[in-house]
Amino acid sequence: MSLHEAAREYATRHRVRAWEALPWLAGLAAFFLFPNYLAFGTQVLVTILFALSLDLVLGYAGIVTLGHAAFFGAGAYTAAMLAAHAGWNEPLSGLAAAALVAGAVGFASGWVVLRAQGLALLMLTLCTMALLEQAANMGAAWTGGFDGMPGLAFRPIAGLFEFDVLYFRSQYLYALAVLFAGFVAVRLLVYSPFGRSLTGIRENVLRMHALGAPVRARQVRVYAFSAALAGVAGAVFVQANGYVNLAVLGLERAAGVLIILILGGYGRLYGAFVGALVYMLLEHSLSKAYPTAWQLGLGLTLMLVALYARNGILGLAAALRSRWSGR
Amino acid sequence: MDLASILLGGLASGMVLFVVSVGLSVTMGLMGFVNLAHGGFAMLGGYAVALAMRHWGMPFFAALALAFAAVAALGVLLERTLYARLYRASELDQVLFTIGLALVMIAGVTLAVGPESQSIALPAWLRGQTDLGFLRYRSYSLALIAAGALLMLALWLGFERTRAGAQIRAAVDNRRMAESLGVDVRRLFTLVFALGSGLAAVGGGLGAEILGLDPQYPLRYLAYFLIVVAVGGLGRVSGVFAAALVIGVLDFVLKVEFPKGGAIFIYALAMIILLARPQGLAGKRA
Amino acid sequence: MARSRNWTRWLAAATLAACTGGALAQTVKVGVVLPYTGVGAEFGQQVDRGMQIYMKLNPGAFAPYKVELIKRDSKNPGGAAAKTAVQELLAQDKVDLLAGFIYSPNAIASAPLATAARTPMIVMNAGTAWITNLSPMIARVAFSMWHSGYAMGQAAANIVKAKTAVVGYSDFPPGKDSLHAFKAGFESAGGKVIDEIPMGGPGQVPDFTPFFQRAKDKKPDVFFVFVPAGDHAVAVVKTYAALGMRDAGIKLIGPGDITQDIKLQAMGDAALGLITMHHYNADLDNPANHRLVAAWKKEYGADAVPDFMGVQGFDGMAAIAHVVQATRGRVDAEAAVKALKGWKYDSPRGPIMIDPATRDIVMNEYLSELVKKDGRLVQKNLGVIEHVKDMCKELKEGKCAQ
């Protein structure tokens, strides 16, 4: 089989479509078009990665969680404490360490809480995150507590690209690269047999049990994987900003990423991209225009999307597309 | 510190949690609707009390009654026009909608009144201490305990002894069955939503002394209300009551004995209960 | 010959006109980062008002230069939103000065950006002591917890004549700062702190009853309390009264955060007898303060009142005006920081100075007691301590030593 045919076959099996290159081209274009907004851009990229990790558990495995920031924070604090206390400030290995720690936390907590469902599960995830936040506050000698750990310095990425304090240039490209890698991983997972069994679990748990599928084990595994990915997002956040505090473990971050994913459309992989972009752009521009009243505009937008779109913006787009393509 | 003081203190804070959370529990239990804007109704009630007392010179209890009526009416309006459209939507869309509504309420209050926190001037006989014979204790806390107990009694009577209450209980347990028996579930929804919002409003006004009152109220205490509802068991008034009291008292005791522990104990306790009994203290096994 | 002389004269005149014309048109851009929404919106509003009132009372302070305030919402105390806002103010809006910062995490997160962009940063509230060490561009016109804490500790021993104290504090860095400051001051003057009680976090207002009950059981002479300004403080005062601690002979003392002027009247008679140490309260008796209070009430209503945050915004604007004048509208880092170091001003809080060594504020601390006058709560002055510095950096305690 020639290279061309092999690539074609690969693309068909994984359903890669031509337009999927667009988000990445757009991300690169933004780097050149908006050179003064790259700090904001980095925040968006980190949030997309975080939302992507949530989509794995929410959109594909059907686990509703209000505590995903526990893993974001676990990864963030791992990277921060390694740099501040152990002098280990090489960024790429910091990412790996964060993924390991966050994944372990995810595995442990998933093993404990995933026996529950519905409201109980939701509250269990919330409480887990809150416990971690309290622990981080109590260990303020290590974590800096409410005031956080300032002045975190990291070595250049791959020894070449220094972290740019004022313009965030290398941070932005770094976040983009990590997001790309994370996205590829998630995509491969979702289209793999494991990923398909997750969809089965989400659609009909009873039938999956009847089929003899190890439901709980699969859920815990995807939960751990998602936690690791969220931890990577947290580590990038810390490395890009050079600062961490308790907010990385807070309900505001966890609820925020959930809203973003619902807004964009969960279970659709790109919902994370659309949701994060729309929500954060809206918040950003509204708060500049109306520093005291922007929450009104944001709230109204959320209400309207919830009322008129089933499954967020992408869901709305899909519904419109099917209507126009004729039924 | 003696047992009586601890118990009374814990009961008082538990009662505030109960009054605000009971509406959320019944709404979520009956309508299966995740209403994360519930704290917003409590906030609006508190503001109604504060503003009515300040600008119209209304006495405290009259203002509470006004808050109940006004917010219940608002609840009916919102339920009929907006909430009803989302009954068939997924829970996540309900989350999206109600968080948006909470943001609108926060921004609306900030624009209308300002970002400052409000205080409610309690009537003179509620400030200071009361002599119980064996103990002098904060009058306001004692009043909260009395109010909570009365409310519990009223709700219990309402649910156990009235026809509407029986219909509500039936619909919570099995909506389809209740509908097929001729219960007008739609009307029940509106009634329950109005009641829940009104109670939240009263809780907001009564509890302002303890929980404060400012535009951030709806989202700040949301986690706490949800925990009380989950631990109590959806749609079970007795469950919410028990959960609120247990959480209130234990939180209080642990803070006296181990102040450095922070809020860890509450979250750990909630987790233990939910892992052992996911349906909540009074909930039925699914 | 005459023509070339005319040419030169014309050229000289034209160049002069261009230079002064350029300076006249020069606008100094100030990026203001405050919480306009969210948890600290009330405080952001106070600082913002302080800034506006300064400009109203001193319309000529910036002349002939213009100043443009670009306001950005810091949204929450998490640091990230403030950092993004500051980055854009520096990179996109190219501001000449940064100002604001209510919450310490936001100031802490923004410090490296100010250093990298070489833009002076005027901190108008954030009170963690070592903030001024984070960047040579930072000057603080606000306070550190040690200003009031240490002074209160000394005053508790020397003026109130207390021998034992229990300290209650909110469990986050300003609370711990306040605890250490008070303890250092109190114990160096011969007192003894017999218990330290963390009382919940800065987020939700906890029910203070269990903590106060524990303090009451220890029977100290004074109970020193630090909680964040705002609703926490109101709850503290009400709990103190509700538990009958005054009748038990325990005085409630603390930094002025617990008697913030905008919350004072809401506390009611429960607050009578409270003794606080702070750099400002609205009842200070000096001409500058009388002018401030009058202008404030005229602009924002008879019920509105300036508080320590308001005066910090006011003084911050004064500092900015000084920088603009001293650098002739061309705010470059070296000249600006030099102008700020050693700057003296007659503020409504008394005479203030920016310490050239630390770039932190040196000011008076007032010991006050709450009394009733004409049916309102009023701060009665018990004593003044002048030229108070941040003792954390003076004594090189902990993180202040860096």
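This report describes the chains of a predicted model, the interfaces between them and two individual residues.

Local features in this predicted model need pLDDT of at least 70 and side-chain atom pairs count only at pLDDT 80 or more, while totals for chains, interfaces and linings use all residues. Residues are numbered from 1 along each chain as its sequence is written, chains are lettered from A and ligands numbered from 1 in the order in which they are written, and side-chain values use heavy atoms, with hydrogens and water left out.

**Chains B and C**

Helices and strands are taken as DSSP runs (H or I of at least four residues for helices, E of at least two for strands), numbered from the N terminus. On this basis chain B has 13 helices and 2 strands. Its radius of gyration is 19 Å, close to the 19 Å that the globule rule gives for 286 residues, so chain B is as compact as a globular protein of that length; the radius is taken over C-alpha atoms, and the rule is 2.2 Å times the number of residues to the power 0.38. Chain C comes to 13 helices and 14 strands. For chain C the radius of gyration is 23 Å, close to the 21 Å given by the globule rule for 402 residues, so this chain too is as compact as a globular protein of its length.

The table sets out further values for these chains, with buried meaning under 20% relative accessible area, exposed over 50% and partly exposed in between (1.4 Å probe, protein chains only). Accessible areas come from the Shrake-Rupley method with a 1.4 Å probe, and for residues only the protein chains shown count as cover.

| Property | Chain and value |
|---|---|
| Span along principal axes | chain B, about 55 × 45 × 35 Å |
| Span along principal axes | chain C, roughly 95 × 45 × 35 Å |
| Buried residues | chain B, 62% of 286 residues |
| Buried residues | chain C, 63% of 402 residues |
| Accessible surface | chain B, about 11,000 Å², 66% from carbon and sulfur atoms |
| Accessible surface | chain C, about 14,300 Å², 53% from carbon and sulfur atoms |

Contact means heavy atoms within 4.5 Å. Of the contacts in chain B with a separation of 6 or more, 77% are between residues 24 or more positions apart, and the corresponding share in chain C is 69%.

**Interfaces with chain A**

The size of an interface is often given as the accessible area lost when the parts come together; here buried area is that loss for two parts, with a 1.4 Å probe, summed over both. Between chain B and chain A, 37 residues of chain B are in contact with 37 residues of chain A, and the buried area is about 3,300 Å², of which carbon and sulfur atoms give 84%. Leu92(B), Leu96(B) and Met271(B) supply 21% of the area that chain B buries against chain A, more than any other three residues.

Between chain A and chain C, 29 residues of chain A touch 36 residues of chain C, with about 2,800 Å² buried, 60% of it from carbon and sulfur atoms. On the chain A side, Phe146(A), Asp147(A) and Leu166(A) lose the most area to chain C, together 25% of what that side buries.

**Two residues**

His38(B) is found in helix 2 (residues 38–55) of chain B and, at 2% relative accessibility, counts as buried. Leaving aside neighbours within four places in sequence, His38(B) is in contact with Val20(B), Gly23(B), Leu24(B), Gly196(B) and Ala200(B).

Asn158(C) lies in helix 5 (residues 145–158) of chain C and, at 42% relative accessibility, counts as partly exposed. The C-alpha atoms of Asn158(C) and Gly191(C), 33 residues apart along the chain, are separated by 9.3 Å.
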